Amino acid sequence: MTTVQLEYVVAVDTHRSFVTAAEKCFVTQPTLSMQIQKLEDELGVKIFDRSKLPVVPTEIGSAVIAQARIIIKENARIREIIADRKKEVQGTLKVGIIPTLAPYLLPRVLTAFLKKYPKVKLEVWEYSTEQIIQLLRQEQLDCGLLATPLHNQHLEEHPLFYENFVIYAAKSNKLSEKKLVDVADLDAKDIWVLNEGHCMRNQVLNICQDKFGMGEFKNLEYNTGSVETLKRMVELNEGYTILPELSLQDLTAKQLNMVRFFRSPEPVREISLVTHRYFIKQALIEAFRKEILASVPEKMRTRKTRKVIDILLEKP
């Protein structure tokens with residue numbers, strides 16, 4: 001039994017395809033299949049049911065794969081221990097980040113981080129929360145930056161900061177007349193929200209739910225996944241939207257006049273660095289965490305009396 005064989009087994013389980021697994025492992029498909037067959041012969045069990053497409057592990061195969069993942073992690077941890085002793089931050093860090101956070105946080109972090117740690121290669125993908133959770137569990141990502149809590153027992157959440165939600169209202173909207181906004185002031189007919197599949201949509205609906213039900217939205221249904229589009233819809237039409245505070249950083253003076261804050265306790269989203277429960281690359285991830293914290297305003301680093309809004313849709 002070799003570590004390479006175990007890596008091939010994990011790759012097939014992750015991609016549910018011998019062909020794709022071979023491509024990801026940079027070997028030919030016959031080579032990968034032969035090594036897995038050797039391992040099965042040595043163990044005296046079938047790890048995969050090859051009669052099904054996509055390929056699936058057998059019952060005993062699932063147990064073997066689970067242990068293989070642990071062995072591979074522990075093997076990689078040896079290099080991490082050595083890097084820690086040498087005080088070196090190096091290697092590849094694969095990061096998933098939600099689209100409503102990426103354009104406002106990453107420009108603050110990436111250049112400074114890579115200048116400080118030139119031996120690190122960062123690979124960053126924008127994904128939905130559900131995609132990041134799946135890829136973390138499959139160990140295709142090292143960490144994720146997303147809104148929490150996730151209510152997922154397989155993942156570890158490391159809270160970073162608390163970002164206020166704010167109102168962005170057209171001049172013609174009644175909310176623009178207020179200095180501070182109460183949830184009771186919100187009107188379902190005037191709000192612009194992200195389309196389904198975005199956790200921030202759920203958070204916005206959770207903020208508003210005490211005020212109105214889910215079927216009371218405007219008669220125009222506009223589906224967007226972009227915070228920037230929400231801003232433009234308010235600017236060029238009417239109504240209001242609810243934005244994360246970091247998205248305000250490049251607004252003009254005219255646009256800032258359209259911003260209104262909530263009355264205390266202010267609704268916030270908790271942004272966390274999320275890893276698998278048995279994650280490796282501790283030194284690398286810790287360095288990334290510190291750089292993120294250094295890039296956000298100090299007031300965001302504490303929850304204080306603010307109200308964290310859940311990413312799961314609450315029942316009215």
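## Close-up views

**View A. Helix H10 and its buried side.** In H10, the buried residues are Ala283, Leu284, Ile285, Ala287, Phe288, Glu291, Ile292, Leu293 and Ser295. Buried stands for under 20% relative accessible area, exposed for over 50%, and partly exposed for the range in between (1.4 Å probe, protein chains only). Everything shown here comes from a predicted model, in which local features need pLDDT of at least 70 and side-chain atom pairs count only at pLDDT 80 or more, while totals for chains, interfaces and linings use all residues. Residues are numbered from 1 along each chain as its sequence is written, and side-chain values use heavy atoms, leaving out hydrogens and water. Helices (H or I, at least four residues) and strands (E, at least two) are DSSP runs, numbered from the N terminus. H10 has 14 residues, and its first and last C-alpha atoms are 20 Å apart, close to the 20 Å expected at 1.5 Å a residue; the expected span is 1.5 Å times one less than the number of residues.

View B. A salt bridge is counted when a side-chain nitrogen of Lys or Arg lies within 4 Å of a carboxyl oxygen of Asp or Glu. Glu286 is partly exposed at 31% relative accessible area, and Arg289 is partly exposed at 24%.

**View C. A salt-bridge network of Asp13, Arg16 and Arg69.** Where do Asp13 and Arg69 lie? The side chains of Asp13 and Arg69 form a salt bridge at 2.9 Å, N to O. Asp13 belongs to helix H1 (residues 3–15) and Arg69 to helix H4 (residues 59–85), so this pair ties together parts that are 56 residues apart in sequence. Both Asp13 and Arg69 are buried. Arg16, the other member of the network, is found in the loop between H1 and H2. Arg16 is partly exposed, at 33% relative accessibility, and has a positive phi of about 55° although it is not a glycine. Across the whole structure, a search finds 13 salt bridges.

**View D. H1 crossing H2.** The axes of H1 and helix H2 (residues 18–25) come within 8 Å and cross at roughly 125°. That makes H1 oblique to H2. Axes are lines fitted to C-alpha atoms, for helices over the stretch in contact, with angles from 0 to 180 degrees between N-to-C directions. Angles under 35 degrees count as roughly parallel, over 145 as roughly antiparallel, 65 to 115 as roughly perpendicular, and the rest as oblique. The crossing is right-handed, a label used when the near helix is turned clockwise from the far one by less than a right angle (left-handed if anticlockwise). Tyr8, Ala11, Val12 and His15 of H1 make the contact with Phe18, Thr20, Ala21, Lys24 and Cys25 of H2, where contact means heavy atoms within 4.5 Å.

**View E. H1 against H3.** Helix H3 (residues 29–43) packs on H1 at an angle of about 110°, with the axes 9 Å apart. That makes H1 roughly perpendicular to H3. Gln5, Leu6, Tyr8, Val9 and Val12 of H1 meet Leu32, Gln35, Ile36, Lys38 and Leu39 of H3. Have a look as well at Phe26, in the loop between H2 and H3: Phe26 is exposed, at 77% relative accessibility, and has a positive phi of about 60° although it is not a glycine.

View F. Is Phe262 buried or exposed? Phe262 is buried, with a relative accessible area of 3%. Leaving aside residues up to four places away in sequence, Phe262 touches Phe165, Val166, Ile167, Leu180, Val181, Leu186, Ile207, Ile242 and Pro267. Ile207 is among the buried residues of H7. Nine of the 10 residues of helix H7 (residues 199–208) are buried, so H7 is largely enclosed by the rest of the structure.

**View G. Two cis peptide bonds.** Thr148 and Pro149 are joined by a cis peptide bond with omega of about 5°; Pro149 is in the loop between strands S5 (143–148) and S6 (155–169). The bond from Ser264 to Pro265 is cis too, with omega near 0°, and Pro265 is in the loop between S10 and strand S11 (267–276).
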